[in-house]
Amino acid sequence: MTATGNPDEYVGYIPAQAPGTIINYYLLAVDDAGEADTTETYTFRVIDYGLTLSPTTATDNGAVDDTVWYTLTVTNNGVYADDYSLSVTSTAWSSSVWDITGTTPISSTGTLLGDGTFDFKVRVIVPASFYGETDTATVTATSSGNPSYSASSSLYTVSDGQPLTIPFSDEFPNTTFDIGKWVITNAAEINDIGINEPSLQYSANLNGNPNGGDTLMTQAIDLSGESNVIVRYWYEQTGGADSPEAGDDLYVEYLDSTNTWQLIQQHAGADPDMTDYVQVVYPLPGNAYHSGFKLRFRNFGTAGAFDDWFVDDVYVSNPPQYEFEMLPLFASQYGPAGDTISYLMSIINKGANADEYLLSDSNGNWSVSFYDALGATPISSTGLVLPTDTVQVTVKVEIPLGAQMNDVDTVDIYAVSINEVNVYDASRLVTISAGAPGGFPWYEPFPFDTLVTFRWLINTGAVVSTAALSPPSAPYSFNFDGGGDTAVSQLIDLSGVSDVTLSYYYERGGSSEPPDAGDDLWVEYKNNVGVWVLVNQHLGADPVMSTFEQVTYALPADAYYNGFQVRFYSAGTSGSDNWFIDDIRIDYPPDIAVEPISYNLALLQGDSTDVELIINNTGLGGLNYSLAAIPVVNKNNRFTELLASGEVEPARRKYPDGFHDYDDIKGSDDPRVGFSVDKNAGGPDTYGYYWMDSDESGGPVFNWVDVSATGTDIVGDLSDDNYGGPYPIGFNFPYYDTVYSQMYIGSNGIIGFASDSMDSRFKTNIPSQAGPENILAWLWDDLNPVDGNNPGAHVYVDTSGGRCVIQFVNYPEYGAAAGDVVNAEVILEADGTILFQYLSIASGFDIANCAVGMENADGTDGLEVAYLTSYLKDSLAIRFTPPYRWLTLGQEAGSLAGGEADTIGLTITAVDIDTGLYQANIVITNNDPDENPVTVPVSLTVTGQPQYICGDVNNNGVGPDVEDLTYLVAYLFQNGPPPPVLEAADMDGSGGGPLVDDLTYFVAYLFQNGPPPICGG
């Protein structure tokens, strides 16, 4: 070893040796002290002979009787020149070695110098086999100079099966793929979900399920020696299924002669949804003409049953000389008796030559005739149609004048090539009589519990129901609950009229499961060319409604013909996404007039009065109206302030789909979490109740009322999951629209005014029609007053002092640990006020899994304070306040023909309410397109002293006027009744009378510009 001059670096050389010599060496190191060490022994052999064969593996495929060629290379990486023998063996298929041109069989490379290379080919012939069968050929190169040196390569050949010949076509006639045509059907399926398939009734569906991508690939098709071949297919995006999104595309490809997939077309998932198939025709280029041609459809999408594409009528072949298609294959329309229905048909020339098509019909009983595309000129043939062009013809079917509703006629329409009589196509038209059109005006209030069938030609899924809240024409309305519910009206004759409106009421959710985002309601009308025109799309994502809202739509010019129809349809999960429709009217617009336009009344405490509201319809069309007193104002100014600023919880909450799909197993914890309670007040509900708690300024003050010494202990009536009662309340307790004198007490934290389901431990959101209803839920959960770990629970009922107190002492939940109890009470006041108070709740008591609130007798209205959330705590009071019902409407809805009027009685009462000012608006919702809604303000002043208007002698709330003068004359000179309030007739303020002086004073005021009445100075 010799030092190189660099620190710690040495170099050594081994003398040249003959090829094939084996060299063994090691390194010895000795330090200055004589200490030595050696490395391990290294061995190498001086190269003489060597070779490589590449590639070491290769895979290719071919059709039956096809030849698959592999190119390989031998490299001499030895020192000596060498010659290498070449051989190939296979498991079953014929294989052989050829020169690089593939023209001459060979068995060796010839002499190769060091680093020299030799290219050659291996031929494998695919025998009769099925798609996917494989064969392995092993290629070996062996050194002639030293036969111990050899290299090998494995060639894997896959059969594409017996290639098909053209024409290749598939219309997917059933739900099973033809394995003789399609060798890959990865996750694709055949179904009838597509809309308006070109060949009924099935098509191939690719939706990405379950792996986010489906693939459909043909068997090899032998196009060798062919030319002028086309690929033709029909496709549809979405159809009757799910919409692809951006990136969820459909790819159509072919395999070229270099075994490379080439794109025919990429259909973008971001494009609009389709309800008709579109045809694609693609002439194949030169690289497609080989024996292993394949066609492939594939898509990307979200894993699952989403992102749907449909493919139908796949065709690979030469364009036929004469071929065409007539669309649609099937069509159906309704029409009024005596009318003519027009069908627009398309004839597409798919052949290589121009052609003309003769038109005819058969099988039908009603008269059929053919016209040009405009429906103006009679024809018997199409005229000349160039290749790939489309011509349209109109087929008219006459419905006889006497045809009854739902009479049906079926006719087959034929088109025949004039150049090749065996080339024809047919379409079937089904025409249905709608009978005589519905008369104008048209009104549907859903008066019965079943649908009036002659008013609705089509109804799929919708039902007449009582589940809506406050329908304008109670008790029924039309319920669309998802799953594609559709209702189409009868034909309505609007010919010869104008200035017509379509009006209807709708409600989202009502008392049922409301729709979600995307689960919308569509309202449309059919115009005079048969196209459905959108009137409104009501969004499922909008808030749940507890009252109906009216829509009025002025019909445009294309609505005025004798086949007008209106259509309602909804999306969503069947049974879970509810919309309600009522009072559909197609009529001239009404003109509403209301009198008086306002009320300003005064009453003494304890008094009542009746006044009248007159609603006039001065228009031509029918008037639908509904009345509501909104709001019925309470005197609690603090809640009014909170409501105005949005600082209140909603009366009810919407829970997501599936939230209530929970198996409540007794003794197990509920894992669900409800909405948090972030505010200290909530409501009002539809009736007008609201709640406030003791954490809110102006709310109730926690003030525990202990009746354990005076009340009756009824705990002996209670056990696990039961109830006791009825128990007397001690007075008539007003609750919603009913007065109750007795109650029931459930062991699971509820108090009710009916016994149905009072033993339930299955808490629900509030309000709910799932039962029980008509309850006060102070702590609704699985409680157990006879829990073994917590003996000594008590429930005291005390009805003394004009109120009812139900006190729960040391009350445990089911399966509670020792000491995990609650002390709480419910207090009912004679004015309808309800108070929940919670003295103490043990730290181990599960307060997060209960329901707190109140609901009415049928579960359609109520207040949810808390549900499945931590809200309750020690020393908390919750007060439920009923509305002051000082204004009562004698009628809540009505209908008026043009020129009619309704008189609505209003009762104004100051009974059991405090002094002060009360205000409300009578809101009259109606179908007047110009005045909707109409609001009539009502003010009531309640005093403890007599109130009157000076000069209002007859005390009718208005004046002084001539009617008061007449009343006063009758009293003074004709023995008429005395003025109801004598002070009101003291015109001159003298304190006496009424006297003739007051009459003189009054006449001067009314007719001689005298001073106004002063009544007592």
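Contact, as the word is used here, means that heavy atoms lie within 4.5 Å. The structure is a predicted model, in which local features need pLDDT of at least 70 and side-chain atom pairs count only at pLDDT 80 or more, while totals for chains, interfaces and linings use all residues. Residues are numbered from 1 along each chain as its sequence is written, and side-chain values use heavy atoms, with hydrogens and water left out.

Two helices, α2 (962–973) and α3 (residues 996–1007), were examined together; helices (H or I, at least four residues) and strands (E, at least two) are DSSP runs, numbered from the N terminus. What covers the buried residues of α2 includes α3, and the buried residues of α3 in turn pack against α2, where buried means under 20% relative accessible area, exposed over 50%, and partly exposed in between (1.4 Å probe, protein chains only). On α2 the buried residues are D964, L965, L968 and A970, and on α3 they are D998, L999, Y1001, F1002 and A1004.

The expected span of a helix is 1.5 Å times one less than its number of residues. For α3, with 12 residues, this span should be 16 Å, and its end C-alpha atoms are 16 Å apart, which agrees; α2 has 12 residues and reaches 16 Å from its first C-alpha to its last, close to the expected 16 Å. At the start of α2, a side-chain oxygen of D961 comes to within 3.2 Å of the backbone nitrogen of E963. Just after α2, N975 takes a positive phi of about 60°, and α3 is followed by N1009, whose phi is positive, near 60°.

Q837 lies in strand β60 (residues 834–841) and is buried, with a relative accessible area of 0%. A polar contact of 2.8 Å joins its side chain to that of E825, a polar contact being a pair of N or O atoms within 3.5 Å, of which, within protein, one must be able to donate a hydrogen and the other to accept it, and residues adjacent in sequence count only if both atoms are side-chain atoms. A polar atom of the Q837 side chain also lies 2.8 Å from the backbone oxygen of N703.

A nonpolar core is a set of buried Ala, Val, Leu, Ile, Met, Phe, Trp, Tyr and Cys residues joined through side-chain atoms within 4.5 Å. Of the 52 residues in the largest such core, M743, W778, I806, L828 and I878 touch the most other members. The largest share of this core, five residues, comes from strand β53 (residues 723–735).
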